[in-house]
Amino acid sequence: DFQSVKSQVVADLVDRLLEGVPRSLVPILEAAAALRWFNKELLRAVTQQEEVSLHYDELRRFPFIRPRVEGLALHDAIREIIDENLRLSDPDRHPLLHRRAAAYFAERIAPSSSEADKLTFEQLYHLTRADETMGLHLFQNTAEGIAQYSFYNRMRALMSDVATYVLRNEVYQLW
């Protein structure tokens, strides 16, 4: 039964990945792993640390970090493993990081902005990771708003994004 040893396997894998990583960088790396992409401003908001430039520069050198238009991103598999380890090993900090990220994106959403959908999808992702019930409510509100105005491409984009979420609650896996 893999579920009975999953937390130990994930922890061992993360320990191996973090060999040689300075201890001061681990919380920043965990915050970066909670995010689908990050830049200095987003890292500051999620970690609530004013000075992240040195850590950001160190992260850039990791072999599993990739550049993106928005900044940087951890390779998806590495990100998911580190984020899952944080969820299992620190169940209070994990949703806290995701709530901070959701708040960051919510503050930046301007309805008329060309970035509104992208920011809304990021907010939805992080809110769902922090609390699936709250994420489902935001999803419903977002989907209803899009459907009301018959924005089919936006609905398709929303559904494509949501299909990538890992949901814990079986009830929510149906949406």
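Biologist: What counts as a helix or a strand here, and how many of each are there in the protein chain?
Modeller: There are nine helices and two strands. Both kinds of element are DSSP runs numbered from the N terminus: helices are H or I with at least four residues, strands are E with at least two. The order from the N terminus is α-α-α-α-β-β-α-α-α-α-α.

Biologist: Which caveats come with the coordinates?
Modeller: This is a predicted model, with residues numbered from 1 along each chain as its sequence is written; local features need pLDDT of at least 70, side-chain atom pairs count only at pLDDT 80 or more, and totals for chains, interfaces and linings use all residues.

Biologist: What share of the contacts joins residues 24 or more positions apart?
Modeller: Contact means heavy atoms within 4.5 Å. Of the contacts with a separation of 6 or more, 60% are between residues 24 or more positions apart.

Biologist: What makes a residue buried, and what share of the chain passes?
Modeller: Buried is under 20% relative accessible area, exposed is over 50%, and partly exposed lies in between (1.4 Å probe, protein chains only). Of the 175 residues, 45% count as buried.

Biologist: Why is H2 said to be largely enclosed?
Modeller: Eight of its nine residues are buried, so the rest of the structure largely encloses H2. They are Val26, Ile28, Leu29, Glu30, Ala31, Ala32, Ala33 and Ala34. These buried residues pack against H3, helix H4 (53–60), strand S2 (71–74), H5, helix H6 (93–108) and H7.

Biologist: How do the axes of H2 and H3 meet?
Modeller: Helix H2 (residues 26–34) and helix H3 (residues 40–47) have axes that come within 10 Å and cross at roughly 105°.

Biologist: Why is that called roughly perpendicular?
Modeller: Angles under 35 degrees count as roughly parallel, over 145 as roughly antiparallel, 65 to 115 as roughly perpendicular and the rest as oblique. The angle of roughly 105° therefore makes H2 roughly perpendicular to H3. Ile28, Ala31 and Ala32 of H2 meet Leu43, Val46 and Thr47 of H3. By class, that contact has five nonpolar, one polar and no charged residues. Here nonpolar is Ala, Val, Leu, Ile, Met, Phe, Trp, Tyr, Cys and Pro, charged is Asp, Glu, Lys and Arg, and the others, Gly among them, are polar.

Biologist: What makes H8 and H9 roughly antiparallel?
Modeller: The axes of helix H8 (residues 132–148) and helix H9 (residues 152–162) cross at roughly 160° and come within 9 Å. That angle puts the pair in the roughly antiparallel class. Phe139, Thr142, Ala143, Ile146 and Ala147 of H8 make the contact with Arg154, Met155, Leu158, Met159 and Val162 of H9. Eight of these residues are nonpolar, one is polar and one is charged.

Biologist: At what angle do H5 and H6 cross?
Modeller: Their axes cross at roughly 125° and come within 7 Å. H5 is therefore oblique to H6. Asp83, Leu86 and Arg87 of H5 meet Arg93, His94, Leu97 and His98 of H6. This contact has two nonpolar, two polar and three charged residues.

Biologist: How do you know whether Glu84 is buried or exposed?
Modeller: Its relative accessibility is 8%, so Glu84 counts as buried. Glu84 lies in helix H5. Beyond its neighbours within four places in sequence, Glu84 is in contact with Lys6, Val10 and Arg168.

Biologist: Why does Asn85 count as buried?
Modeller: Its relative accessible area is 11%, so Asn85 is buried. Asn85 also lies in helix H5 (residues 76–89). Not counting residues up to four places away in sequence, Asn85 touches Val10, Ala11, Val14 and Asp90.

Biologist: What puts Thr120 in the buried class?
Modeller: A relative accessible area of 14% does, so Thr120 is buried. Thr120 sits in helix H7 (residues 116–130). Leaving aside neighbours within four places in sequence, Thr120 is in contact with Ile109 and Thr142. Leu158 is 38 residues from Thr120 in sequence and 9.2 Å from it in space, C-alpha to C-alpha.

Technical notes. Side-chain values use heavy atoms; hydrogens and water are left out. Axes are lines fitted to C-alpha atoms, for helices over the stretch in contact, and angles run from 0 to 180 degrees between N-to-C directions.
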